[in-house]
Amino acid sequence: MDFKTDKPIFRQIVDLCYARILSSEWLQGQKIPSVREIAVELSVNTRTVLSAFDLLQASEIIAPKRGMGFYLADDAVERVRGELKKEFFDSTLVETFLRMEQLGISMQEVVQCYADWSASTPEAPLIEKILIQK
């Protein structure tokens, strides 16, 4: 956790959970580490982890099973992608468009830059495949 950033710790924990879900470190339908385990791992208060879990529950990414802990939804990957996609379109892309306007960058320049990058980057086909799936 980056305690020096403006991003709240509970939001950083949500982002960490998203990363673990998308990387298949945490598998859909399976139990995830407990609030206490994550709090100890990250050296944060359990209430902070609970705040993150509340957000994950509200998005139906995790669900509690009485007496057993929290489990990932069977469609957790799709839900996480949906949340991140919404965040990207609502925030990141808007900021990018504003910056493009400030710098006088056209969409054609961006498309050409992406095409050049895609042609010279070995990972590009994988990235394109991922982008198409979203």
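I number residues from 1 along each chain as its sequence is written, and side-chain values use heavy atoms, with hydrogens and water left out. In this predicted model, local features need pLDDT of at least 70 and side-chain atom pairs count only at pLDDT 80 or more, while totals for chains, interfaces and linings use all residues.

Entry 1. I searched the whole structure for salt bridges (a side-chain nitrogen of Lys or Arg within 4 Å of a carboxyl oxygen of Asp or Glu) and found eight.

Entry 2. I looked up arginine 11, which is in helix α1, residues 9–22 (helices are DSSP runs of H or I, at least four residues, numbered from the N terminus). Arginine 11 counts as buried because its relative accessibility is 18% (buried is under 20% relative accessible area, exposed over 50%, partly exposed in between, with a 1.4 Å probe and protein chains only). Its salt bridge partner is glutamate 87, with the closest N and O atoms 3.3 Å apart. Glutamate 87 lies in helix α4, so this pair ties together parts 76 residues apart in sequence. I noted glutamate 87 as partly exposed, at 33% relative accessibility. Both residues belong to a network of salt bridges that also links Lys7 and Asp15.

Entry 3. I then checked arginine 20, buried at 11% relative accessibility. Its side chain meets glutamate 25 in a salt bridge at 3.7 Å, N to O, and glutamate 41 in another at 2.3 Å. Arginine 20 is in helix α1 and glutamate 41 in helix α2 (residues 35–42), so the pair ties together parts 21 residues apart in sequence. Glutamate 41 is partly exposed, at 44%.

Terms used
Helix = DSSP H or I, 4+ residues; strand = E, 2+ residues; numbered from the N terminus.
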